[in-house]
Amino acid sequence: MGKSLAKKKGLKRLKTQKTTIAVEHRIKKSFNDMPEMTKAAKQPRKKAFDDKAADDSLLTSGHSLKELSNSGNQEEDAFREPSVFNDLLKALGSGSKKLATLYKKRQREQEGRSDSEEEEIATFESTSLSEEEDVGTGSVSESSLGDAEEDDLGEHGPADMLEQTEEDENGDEDRTSDASDFQDLENNSQTVFDEPEGTSSFHRHLGHILTNEEVDELMKKKWKFKWELPAISMPMSRWAGTGEQVSMETNNDQNFGLMQKLYNHWLDIYKTSGFHDFDSSRQRFFFSLCSSYRDILHCNKKPFYLKGNEEDSSIMDAYIMHAINHVYRTRDLVIKNDAKLAKHQEGNKEEVLHGGTFLDQGFTRPKVLFILPLGSIALRVVKRLIQLTPISNKANVEHMDRFSEEFGTGDAEDEDEQKHGSSKSQKPTKPADFQILFGGNNNDHFMLGIKFTKRSIKLYSDFYSSDIIVASPLGLITKIGEADVEKEKDVDYLSSIEVVIIDHTDVIAMQNWSHVNTLIEQLNRMPSKQHGTDMMRIRQWYLDGYARFYRQTIILGSFLNPEMNALFNRLCVNYEGKVKLVTEYKSVLPKILLEVRQVYERFDAPSIADVDDARLGYFCKKVFPKIKDSIEGGIMLFISSYFEFVRIRNFLKSQNASFCLLGEYTKQNDISRARVWFFEGKRKIMLYTERAHFYHRYKIRGVQNLFIYSLPERKEFYPEIINMLDGSKDMMCNVLFSHFDLIRLERIVGTSAAKRMLTSDKNIFVFT
């Protein structure tokens with residue numbers, strides 16, 4: 001018995017040493033092959049680990065890493081100073097006893113301890129032999145995509161623990177699904193395994209190995225759009241892209257990159273909806289763009305709340321199918337490799353892993369991130385995602401009632417009253433698009449994890465066990481802020497996101513676009529903990545710190561602004577390239593119901609950094625003197641941004657002007673008072689912001705003169721604001737613009753007119 005146990009101990013030490021050497025070799029190789037720029041970027045993280053070493057409980061010898069590296073010759077000293085492997089192993093050791101043991105063993109080896117002291121490790125291993133054997137035979141890693149239950153959920157709050165308890169009710173099914181899933185997949189002729197991996201865009205994209213030269217080129221962030229394609233059903237738009245041109249030809253042999261069961265299910269739904277020509281449809285083409293794994297900017301999408309339900313739904317179906325396809329292919333690849341590894345003898349499994357054939361995982365499980373502005377839109381997307389999931393994979397949708405209650409309207413009584421009560425005869429006071437957009441759940445602070453198992457979809461799954469995360473910018477920013485303040489919390493579930501879909505950016509722009517920039521910068525960072533990762537199966541480019549070059553970002557909205565352009569150009573660095581929609585616009589001036597004389601005044605600005613100061617200076621010197629000398633009141637100043645609103649407010653205060661405020665942060669009582677004062681002439685000037693109009697759609701009474709300090713981003717607002725002059729004696733509007741307002745200007749006066757206005761020698765232009 002003693003000899004047998006001793007053999008087991010010896011074998012375990014041998015296996016541990018093999019694992020240590022193999023992982024160390026991979027990480028050292030990735031660091032040595034790294035470009036100098038990337039190495040330099042990693043130094044602050046390395047220093048952070050060094051500073052933490054003195055207080056870390058893993059340093060059981062009582063010596064710092066610096067002291068441990070003083071032994072041996074000069075070459076060994078240079079090699080033993082805290083390496084990337086040491087840093088990563090030490091950090092991940094806090095979440096895994098096995099990796100902590102490997103770290104202690106490595107320290108003793110670096111100190112030159114004797115074999116007798118090494119027996120301490122063997123003694124430790126013998127006390128936890130059963131636990132180690134469990135880990136050795138089936139690691140708790142991203143192979144949990146085969147639906148094994150996760151062990152890292154205890155790091156989260158009470159709500160997450162409750163969710164974990166609820167998930168445990170179906171734990172037996174999950175724990176046995178790895179083997180059964182693969183058996184079903186082997187026996188099913190319609191699986192991804194029948195398709196050669198080289199033919200799938202998923203495998204080609206993730207399997208490509210970037211060279212140092214390619215990384216250096218991507219870091220320059222210089223993009224050349226070389227080709228163009230016509231946009232289906234959009235005669236004034238065209239697709240422009242970098243790299244090789246996307247083909248518009250259909251390819252039924254490979255189901256457009258979809259797994260067979262997903263393709264069949266989507267085709268059935270498409271035909272059931274009354275459509276027939278799927279191959280040439282808008283959604284089929286947009287899915288092909290998505291499956292090319294390029295970054296996509298589509299900011300001329302007619303939203304569902306502006307009578308664009310068919311267009312919006314077709315785009316939504318395409319990106320949802322792309323997300324499901326990505327999750328399913330990831331899961332099937334892991335299950336396939338799990339089954340292959342299970343066939344190898346325990347003795348040579350480590351050697352097989354060392355070959356690099358089974359690199360199929362990231363640091364954490366979540367692979368797809370949906371960023372949506374409102375709870376009602378999240379409800380729409382998640383419900384459609386469930387519908388587009390094959391029936392065999394959604395026999396049970398867990399926590400659907402809770403989801404419908406939290407993301408639905410919850411106003412059943414109000415709806416019933418509208419059907420049968422007195423409100424039926426009342427005419428709506430808000431436009432139809434406002435009622436559709438804000439008629440549902442307006443919550444802008446949410447996060448939701450979605451997990452796919454063999455026969456069910458689990459809503460409200462823990463983020464680390466989820467495949468898809470659905471979140472609002474504010475909800476995700478809150479989690480990031482909590483992780484910065486509280487050390488026990490983290491957002492490592494964002495470290496391995498491979499597909500990001502930001503939909504309805506036109507609504508997000510009316511919230512706080514800076515949140516989007518912050519959370520995109522947070523993606524694909526090195527994790528702070530292990531979270532059950534099998535280190536031997538992490539893709540090499542994750543260890544190299546290149547994950548952001550493989551991440552696909554899809555940006556969708558109804559209009560484009562400079563902030564969206566900057567994010568697309570600066571933070572979207574996918575090595576596959578970029579595709580964006582280029583559009584020429586028609587004028588919205590014909591939608592103005594009144595005969596209003598619109599005078600556009602162009603001011604000069606030396607650069608985009610100086611445009612705000614130049615606009616304020618022009619207003620103070622050219623526009624305000626006219627307002628000040630005017631006896632008549634009823635002057636409305638329409639301002640697009642809150643920043644400009646504050647500057648004008650401060651200027652008017654300094655001039656002791658008679659004015660009132662109606663901004664997005666103005667209290668309701670103050671708004672009501674300001675509207676009455678303005679209508680009765682007690683206040684001469686009213687400041688009105690675009691975001692206030694977006695969230696309230698007020699119809700301001702008493703407007704006699706209108707000055708548009710900055711053009712609205714939403715072109716549909718321009719006719720609404722101009723039509724507020726109804727009842728005015730002068731019927732005149734003044735508009736300020738510069739060369740840097742081209743994007744907004746062309747949406748209102750049309751692309752051709754906007755270009756003429758910016759290149760003309762004249763500075764004054766009149767439309768009637």
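Of the 768 residues of the chain, 54% count as buried; buried means under 20% relative accessible area, exposed means over 50%, and partly exposed lies in between (1.4 Å probe, protein chains only). The model is predicted, so local features need pLDDT of at least 70 and side-chain atom pairs count only at pLDDT 80 or more, while totals for chains, interfaces and linings use all residues. Residues are numbered from 1 along each chain as its sequence is written, and side-chain values use heavy atoms, with hydrogens and water left out.

The secondary structure comprises 33 helices and 18 strands. Helices (H or I, at least four residues) and strands (E, at least two) are DSSP runs, numbered from the N terminus. Contact means heavy atoms within 4.5 Å. Among contacts in the chain with a separation of 6 or more, 78% join residues 24 or more positions apart.

Two helix pairs share helix α24. Axes are lines fitted to C-alpha atoms, for helices over the stretch in contact, and angles run from 0 to 180 degrees between N-to-C directions. Angles under 35 degrees count as roughly parallel, over 145 as roughly antiparallel, 65 to 115 as roughly perpendicular and the rest as oblique.

The crossing of α22 and α24 is left-handed; a crossing is left-handed if the near helix is turned anticlockwise from the far one by less than a right angle, and right-handed if clockwise. From α22, the residues in contact are Pro473, Leu474, Leu476, Ile477 and Ile480. They meet His515, Val516, Thr518, Leu519 and Gln522 of α24. By class, this contact of α22 with α24 has 7 nonpolar, 3 polar and no charged residues. Here Ala, Val, Leu, Ile, Met, Phe, Trp, Tyr, Cys and Pro count as nonpolar, Asp, Glu, Lys and Arg as charged, and the others, Gly among them, as polar.

In the second pair, α24 packs with helix α26 (residues 562-570). The angle is about 10 degrees, and the axes are 10 Å apart. Therefore α24 is roughly parallel to α26. On the α24 side, the contact is made by Trp513, Val516, Asn517, Ile520 and Glu521. On the α26 side, Glu563, Met564, Leu567 and Arg570 take part. The contact of α24 with α26 has 5 nonpolar, 1 polar and 3 charged residues.

Several loop residues were also examined. Asparagine 656 lies in the loop between α28 (642-654) and β14 (659-662). Its phi is near 55 degrees, a positive value in a residue other than glycine. Asparagine 656 counts as exposed because its relative accessibility is 71%. Arginine 697 sits in the loop between α30 (690-696) and β16 (705-708). Arginine 697 is not a glycine, yet has a positive phi of about 55 degrees. At 6% relative accessibility, arginine 697 counts as buried.

Serine 465 is placed in the loop between β7 (456-459) and β8 (468-471). Its relative accessibility is 0%, so serine 465 counts as buried. Histidine 531 is 66 residues away from serine 465 along the chain, and their C-alpha atoms are separated by 9.9 Å.

A search of the whole structure finds 0 disulfides, a disulfide being a pair of cysteine sulfur atoms within 2.5 Å. Cysteine 290 is buried, with a relative accessible area of 0%. Cysteine 660 is buried at 5%.
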